[in-house]
Amino acid sequence: MSPYVPPVLLPKVRSTALMASAAGMPCSLRLPGICNHNPATTVMCHLPGIGKSIASKVSDLHTAFGCSACHTAIDTLGWDRRGLSAAVVLDAILRGHAETQARLVVMGIIRVKGGKLV
């Protein structure tokens, strides 16, 4: 694969292990005033981005652990932000994604070639 591939042509990763890893995990999104903080409701949430539409999800790598309330809030068409600014929602998504990725590395679900935990 060449170093540059237009974003819309990048392959989408599909992984049952990634999707199942969210069970019982704390919500990484923690949207203020929305999050129910209940790990029993946590699922892997596909985040908004290139390739996401009504009938298509982004890659399973572009996800975050999210409780049922946060998942509904970011998955609802037009986003049910309950008064939250776009900046607060974007911050939660970026922080949640980074936190989830780090947890997946610790869990051994994502491995980086030549990488190590420090």
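Among contacts in the protein (heavy atoms within 4.5 Å) between residues at least 6 apart in sequence, 67% join residues at least 24 apart. The model is predicted, so that local features need pLDDT of at least 70 and side-chain atom pairs count only at pLDDT 80 or more, whereas totals for chains, interfaces and linings use all residues. Residues are numbered from 1 along each chain as its sequence is written, and side-chain values use heavy atoms, with hydrogens and water left out.

The protein has 3 helices and 2 strands, arranged along the sequence in the pattern α-β-β-α-α. Helices (H or I, at least four residues) and strands (E, at least two) are DSSP runs, numbered from the N terminus. Of the 118 residues, 31% count as buried; buried denotes under 20% relative accessible area, exposed over 50%, and partly exposed the range in between (1.4 Å probe, protein chains only). The protein exposes about 7,200 Å², of which carbon and sulfur atoms supply 64%. Accessible areas come from the Shrake-Rupley method with a 1.4 Å probe, and for residues only the protein chains shown count as cover.

Strands β1 and β2 pair in the antiparallel sense over 4 bridges, pairing being assigned if DSSP finds at least two bridges between two strands. Within this arrangement, Ala64 of β2 is the bridge partner of Cys45. In a regular strand the side chains alternate between the two faces of the sheet. Both faces of β2 are covered, with Thr63 and Phe65 buried on one side and Ala64 and Gly66 buried on the other.

The structure holds 3 salt bridges, each defined as a side-chain nitrogen of Lys or Arg within 4 Å of a carboxyl oxygen of Asp or Glu. In one of them, the side chains of Arg14 and Asp60 meet at 3.1 Å, N to O. Arg14 lies in the segment before α1 (16-20) and Asp60 in the loop between β1 (43-46) and β2 (63-66), so the pair ties together parts that are 46 residues apart in sequence. Arg14 counts as partly exposed because its relative accessibility is 48%, whereas Asp60, at 4%, counts as buried.

A further salt bridge is formed by the side chains of Glu99 and Arg30 (3.0 Å, N to O). This pair links distant parts of the chain, with Glu99 in helix α3 (residues 86-106) and Arg30 in the loop between α1 and β1, 69 residues apart. Arg30 is partly exposed, having a relative accessible area of 32%. Leaving aside neighbours within four places in sequence, Glu99 is in contact with Cys27, Ser28 and Arg30.

The side chain of Glu99 also meets that of Arg103 in a salt bridge (3.5 Å, N to O). Arg103 and Glu99 are 4 residues apart in helix α3, and are therefore separated by about one helical turn. Arg103 is partly exposed, with a relative accessible area of 30%. Salt bridges that share partners join Arg30, Glu99 and Arg103 into one network.

Arg30 is also among the contacts of Cys70, a residue of helix α2 (residues 68-75). Cys70 counts as buried, at 0% relative accessibility. Not counting residues up to four places away in sequence, Cys70 touches Cys27, Leu29, Arg30, Leu31, Ile34 and Cys35. The C-alpha atoms of Cys70 and Asn36 are separated by 7.8 Å, the two residues being 34 residues apart along the chain.
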